[in-house]
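Good morning. Please have the picture in view.

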Amino acid sequence: MKESIESNIKIGISACLMGQPVRFNGGHKRSRFCTDVLSKYFEFVGVCPEVGIGMSTPRQAIRLMSENADDSNIRAVGSDDASLDVTEQLIDYAEQKASEMNDLCGFIFMQKSPSCGVYGVKRYLANGHPEGTTSGIFAREFIARHPLLPVEEAGRLNDDALRENFMVRVYTYHEWTSFRQQGLTPASLIDFHSRYKYLVMAHSLVHYKSMGQLLANLTRDTLEHIADEYFEQLMTALAKPASRKMHTNTLMHLQGYLKNLVTAQDKQELTGIIEQYRTGIVPLIVPLTLLKHHLNHHEEANAYARQQVYLNPHPYELGLRNSL
Ligand code: SF4
């Protein structure tokens, strides 16, 4: 079971989301979800790349400009005066911060920003016409140096599925980091995977299979290499939010551990509630709570099932599965 508070989990964040008045216009973009809710669980490390490279507040806004209608020669230039070009400074700053901030378990970026946006940042042609979309320079460079780090935009965290998925990835990343600090053995890696199996199943059956195959032969390479490959597959699998269909499949597999342990009536009730979840009548928390109730009542017989991270991937109090 996850503890409610794990303040040792560090999350990078665009400083304006923390309410710092660092935007080009002297304002901020405070995210109440981050400052009022997530700050109880995480230690936020704020960074404003534009201020970090020495730009003043307030300042001329910048935007992304490309002559080729693609990212091949994209530049971060002043919106009013294109001779102001801060591309190289932003790249250098991202490199510096990526090296300094190497103990993060996630990063929440400000959307739409030519520095911090991850998805759908406007790209302009030299004549000033908006042409396509891309990533902000700082975000792109930071992510390239931490490709497995869970990242999300603050705006996208308003989406229930994306919010839950980000939290699953952050807690997984944190647990893996702690796990690796404890020293790696074949048994510990197998044990780690045995707890993550059903979480992976809910996100990707392809990875569920390939990760099982990867760990089936621990002598084909060094354990370090296999562990690195395992983690890459794990984070890739979790990057895609679990669908209702995949959750239903996982719930049914876990229900299998109750076979011969619960009465026919209890089994019928659980099956019915999983079906209600499948058809969208009740949220995920409903079948999960009943499933956990039965698993907890048959403690000895279900040690394997009860240890599954899938049952408690993040603090219950956040209520992240109440709306899935
Ligand atoms: S979006 Fe990024 S660069 Fe812009 S004000 Fe916020 S932290 Fe600074």
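Predicted model: local features only at pLDDT ≥ 70, side-chain atom pairs only at ≥ 80, totals over all residues.

Domain 1 puts 20 residues into the contact, and domain 2 puts in 16 residues. Between them, the two domains bury about 1700 Å², and 73% of that is on carbon and sulfur atoms. On the domain 1 side, three residues to look for are Tyr41, Leu148 and Pro150. They supply 33% of the area that domain 1 buries against domain 2, more than any other three residues.

Now to the helices. Take α6, residues 186-203, and α8, residues 223-238. Their axes come within 11 Å and cross at roughly 15°. Angles under 35 degrees count as roughly parallel, so α6 is roughly parallel to α8. The crossing of α6 with α8 is left-handed. Among the residues that meet are Phe192, His193 and Tyr196 in α6, and Ile226, Tyr230 and Leu234 in α8. What classes of residue make the contact of α6 with α8? There are 13 nonpolar residues, two polar and no charged ones.

Next, helix α11, residues 285-297, and its contacts with two other helices. One of these is α9, residues 244-255; the axes of α9 and α11 come within 11 Å and cross at roughly 15°. That makes α9 roughly parallel to α11. The crossing is left-handed. From α9 the contact takes Leu251, Leu254 and Gln255, and from α11 it takes Pro287, Leu288 and Leu291. By class, that is five nonpolar residues, one polar and no charged.

The other is α10, residues 264-278, whose axis comes within 8 Å of the α11 axis and crosses it at roughly 155°. Is α10 parallel or antiparallel to α11? Angles over 145 degrees count as roughly antiparallel, so α10 is roughly antiparallel to α11. The crossing of α10 and α11 is also left-handed. Asp266, Glu269, Leu270, Ile273, Ile274 and Tyr277 of α10 touch Val286, Pro287, Leu290, Leu291 and His294 of α11. Here the classes are eight nonpolar, one polar and two charged.

That is the end of my part.

Note on methods. Residues numbered from 1 in each chain as written. Heavy atoms only, no water. Axes fitted to C-alpha atoms, helices over the stretch in contact; angles between N-to-C directions. Helix = DSSP H or I, 4+ residues; strand = E, 2+ residues; numbered from the N terminus. Parallel < 35°, antiparallel > 145°, perpendicular 65-115°, else oblique. Left-handed = near helix turned anticlockwise from the far one by under 90°. Contact = heavy atoms within 4.5 Å. Nonpolar A, V, L, I, M, F, W, Y, C, P; charged D, E, K, R; others polar. Buried area = accessible area lost by both parts, 1.4 Å probe.
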